[in-house]
Amino acid sequence: MANANFFWLSIVTALVFSSWVNGYQLQHINATNLSLLEAIEASPSLLARTPLMVGLTLIQNAAAKGAVCLDGTLPAYHLHRGYGSGANSWLVNLEGGGWCNDIRSCVYRKKSRRGSSIFMEKQIPFTGILSNNAQDNPDFFNWNRVKIRYCDGASFTGDSENKAAQLQFRGQRIWVAAMEDLMSKGMRFAKQALLSGCSAGGLATIIHCDEFRGLFPHTTKVKCLSDAGLFLDASDVSRGHTIRNFFSGVVSLQGAQKNLPQTCTNHLDPTSCFFPQNLIAGVRTPLFILNTAYDSWQIQSSLAPPTADPHGYWHDCRLNHAKCSAPQIQFLQGFRNHMLNAIRGFSRSNQNGLFINSCFAHCQSERQDTWFADNSPVIGNKAIALAVGDWYFDRAAVKAVDCPYPCDNTCHHLVFR
């Protein structure tokens, strides 16, 4: 067991290290990967079971369709086949990992696994909602489970290029090529399907949810799960618009506007239609929003980035919620209120699901300790995995909204050093 533990820990450490290397700007830190090591430190029992390692598959016919990563290499996914009662059920997970909003950041990105399949891990662990263990993932463990790698930098929406910088912005084509490849490998026979993703992948899930539904006959049960994808068009601590300016660069540079949902672009500008709060009302397919009310990524990169905090007043609070002053907590309560207002109309629909917990975290469906474990976060005694399962299989309506911080003692807060 000691060798298995060391192997798992080395995998996680490599992921954490590479996310810091890729995260030369705070916006490009993939908090999902950063949190894995902290999860293990908080819950050593996670090491008890060696996770399933799943190999990389390159989409061989993608290049002919112009569906390539930032550097022109083939896109890829990891697929683990289902069996038994899950043989005709498919879970498709869209990888997250920030965005690039200008030539410099995209050139940097294309030299990493976020922009090139050359640098992607040949195997990755499947945990949380991707786990093949019934104890860890009771509803989806024996489904066909796929993680589509993210190598475009615009949440699978762009379609343009910059020849001078040798950059290909082909996220939309990657999405289409991946779907066509999976359909040819049996997904077209699916009786049940769930599209999920966290962070930038959670945003992509919202954008592509209805397209995913359109792949299948009406007899197929199709739903979508967005984890930590509810990025808000919020003012930062200096009353500036850090995240709006950043998203504006992503959308314009990568030519995303023509691939954003027309239900939004018919009446709002393209940048506004990259914000989920302006998209969720137009999604016709049943959608579950899983988010923390105090999203770590949004606090660090949208609300209180160093550029908006030149005197470092927010430095300690940004890294550790326990070091926030009373006025800072009050500001963050305002952010929570903004989130609850943004989902008010969405939550009224009987088909939609909701799990908003009052934690300082980011991405909870792919981490085992937050998805389903003995000490997982709960709202009303229900863990995230059970809430999502109840909603997907129509066992119960799920509209779970936590009381405000600091009332929830089940949170797995992220603390950054």
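Which residue does a disulfide join to Cys-264? The partner of Cys-264 is Cys-273, with an S to S distance of 2.0 Å. This is a predicted model, and the chain averages a pLDDT of 91.

**Confidence in the model**

- A pLDDT of at least 70 is reached by 88% of the residues.
- Over residues 1-48, by contrast, the pLDDT is below 50. Beyond near neighbours in sequence, this stretch has 90 contacts in the model.
- Where pLDDT is low, predicted coordinates should not be read in detail.

**The sheet and a helix packed on it**

- The model contains an open sheet of 10 strands with mixed pairing. The strands are arranged in the order S4-S1-S2-S5-S3-S8-S9-S10-S11-S14.
- Strand S4 (123-126) and strand S14 (399-401) are the edge strands, and each pairs on one side only.
- From one strand to the next, the twist averages 20°.
- Within the sheet, strand S9 (residues 221-227) pairs with strand S10 (residues 287-292) in the parallel sense, over 4 bridges. Ser-226 has Ile-289 in S10 as its bridge partner.
- Helix H5 (residues 200-213) packs on the sheet, where it touches strand S3 (89-94), strand S8 (192-198), S9 and S10. The direction of H5 makes about 155° with that of S8.

- Is helix H13 (residues 384-392) largely enclosed by the rest of the structure, or largely open? Helix H13 is largely enclosed, because 8 of its 9 residues are buried.
- The buried residues are Ile-384, Ala-385, Ala-387, Val-388, Gly-389, Asp-390, Trp-391 and Tyr-392.
- These buried residues pack against several elements, among them the strands S8, S9 and S10. Strand S11 (353-357), helix H12 (368-371) and strand S13 (382-383) are also packed against.
- Just after H13, Asp-394 takes a positive phi of about 60°.

**Disulfides**

- A disulfide is a covalent bond between the sulfur atoms of two cysteines.
- Cys-198 lies in strand S8 and Cys-363 in the loop between S11 and H12, so the pair ties together parts that are 165 residues apart in sequence.
- The torsion about the S-S bond of Cys-198 and Cys-363 is about 90°, and the disulfide is therefore right-handed.
- Buried means under 20% relative accessible area. Cys-198, at 1% relative accessibility, therefore counts as buried, and Cys-363 is buried with a relative accessible area of 3%.
- The link of Cys-264 and Cys-273 is left-handed, with -90° about the S-S bond. Cys-264 and Cys-273 are both buried.
- Are Cys-403 and Cys-407 buried or partly exposed? Cys-403 counts as partly exposed because its relative accessibility is 38%, and Cys-407 counts as partly exposed at 37%.

Terms used
Residues are numbered from 1 along each chain as its sequence is written. This is a predicted model: local features need pLDDT of at least 70, side-chain atom pairs count only at pLDDT 80 or more; totals for chains, interfaces and linings use all residues. Side-chain values use heavy atoms; hydrogens and water are left out. pLDDT is the predictor's confidence in each residue, from 0 to 100. Contact means heavy atoms within 4.5 Å. Two strands pair if DSSP finds at least two bridges between them. Helices (H or I, at least four residues) and strands (E, at least two) are DSSP runs, numbered from the N terminus. Axes are lines fitted to C-alpha atoms, for helices over the stretch in contact, and angles run from 0 to 180 degrees between N-to-C directions. Buried means under 20% relative accessible area, exposed over 50%, partly exposed in between (1.4 Å probe, protein chains only). A disulfide is a pair of cysteine sulfur atoms within 2.5 Å.
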